[in-house]
Amino acid sequence: MRILKLNLGKIMIDKLSSDDLNAYFELMCNEYIAKYCGFTPVESKDKAKMLLDSDIADDTVAIRNSDSNKLIGLINLFENIGANNEPLSTELDLGYLIQDEYSHKGYMTLALSKVIELLKCKSRVEKIFATFKKENIGSMKVLKNNGFAKCASDSETETWVLNLK
């Protein structure tokens, strides 16, 4: 999904660029974010650059502070893999993260709602899946506020789904 700059008040959504490397590294080396998103913090700018380049190629959505234009969060959407190990263009997996100081203020809920609106209008996507750690109550609230419903769980995680069609 290609995205153009969209101002949402105190935040905006936009596309990532190579100019975002320093702020991207801040996000990816943050232990708090890594813990709740289930990844190992990035320890070098070289690794961050490699991941940033991949996210740029995957059209990851940048969330920015509207005043400073600084990258403060990300929304990733990846095609699900079907039974034959082929991408399912009608189903996406969702991931997102945001700097600590912007958490619990409704910014991720707002940014995700706009991305979902764009998906409804401009794609063949029928379902979006999101998996999060059970202790990540903030993530559950973001999903619930955007119309997702729980569809599976195990001892550590829950998976929620949003039907778009």
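The model is a predicted one, in which local features need pLDDT of at least 70 and side-chain atom pairs count only at pLDDT 80 or more, whereas totals for chains, interfaces and linings use all residues. Residues are numbered from 1 along each chain as its sequence is written, and side-chain values use heavy atoms, with hydrogens and water left out.

Helix α1 covers residues 21-29, and within this helix L21, A23, Y24, F25, L27 and M28 are buried. Helices (H or I, at least four residues) and strands (E, at least two) are here DSSP runs numbered from the N terminus, and buried means under 20% relative accessible area, exposed over 50% and partly exposed in between, with a 1.4 Å probe and protein chains only. The buried residues of α1 pack against α2 (31-37), α3 (45-57), β4 and β5. L27, whose place is in α1, is buried with a relative accessible area of 0%. Not counting residues up to four places away in sequence, L27 touches I33, F39, L71, I72, G73, L74, L97, I98 and Q99, where contact means heavy atoms within 4.5 Å.

The largest nonpolar core holds 31 residues, of which I75, L94, L112, I128, L143 and F148 touch the most other members. Such a core is a set of buried Ala, Val, Leu, Ile, Met, Phe, Trp, Tyr and Cys residues joined through side-chain atoms within 4.5 Å. At least two residues of this core come from each of β2 (11-15), β3, β4, β5, α4, β6 (127-133), α5 (137-145) and β8 (157-163), and α4 gives the most, with seven residues. A second, separate core of 15 residues includes A23, V42, A62 and L97.

Helix α4 also has a span that can be compared with expectation: at 1.5 Å a residue its 16 residues should span 22 Å, and its end C-alpha atoms are 23 Å apart, which agrees. The expected span is 1.5 Å times one less than the number of residues in the helix. The buried residues of α4 are Y107, M108, T109, A111, L112, V115, I116 and L119.

I128 is one of the residues that touch the most other members of the largest core. Leaving aside neighbours within four places in sequence, I128 is in contact with L77, L92, L94, I116, L119, F148, W160, V161, L162 and L164. F129 has its place in strand β6 and is buried, with a relative accessible area of 18%. With neighbours within four places in sequence again left aside, F129 is in contact with N80, E91, L92, D93, L94, C151, T159, W160 and V161. The C-alpha atoms of F129 and D100, on the other hand, are separated by 24 Å, with the two residues 29 apart along the chain.

On a 1 Å grid over the protein atoms alone, a pocket is an open set of points where a 1.4 Å probe fits, with protein on both sides within 12 Å along at least five of seven lines, and lining residues have an atom within 4 Å of a point. The lining has 44 residues, of which C37, Y96, L97, N136 and S139 lie nearest the centre of the pocket. While α1, α2, α3, β4, β5, α4, β6 and α5 each supply at least two residues of this lining, the largest share, seven residues, comes from α5. The lining residues divide into 23 nonpolar, 15 polar and six charged, where Ala, Val, Leu, Ile, Met, Phe, Trp, Tyr, Cys and Pro count as nonpolar, Asp, Glu, Lys and Arg as charged, and the others, Gly among them, as polar.

S66 is found in the loop between β3 and β4 and is buried, with a relative accessible area of 19%. S66 touches N7, G9, K10, I11 and M12, not counting residues up to four places away in sequence, and the C-alpha atoms of S66 and N7 are separated by 7.1 Å although the two lie 59 residues apart along the chain. N69 is found in the loop between β3 (61-65) and β4 (71-81), and has a positive phi of about 70° although it is not a glycine. Most residues other than glycine have a negative phi. At 35% relative accessibility, N69 counts as partly exposed. H104, in the loop between β5 (87-98) and α4 (107-122), likewise is not a glycine and has a positive phi, of about 60°; H104 is exposed, with a relative accessible area of 70%.
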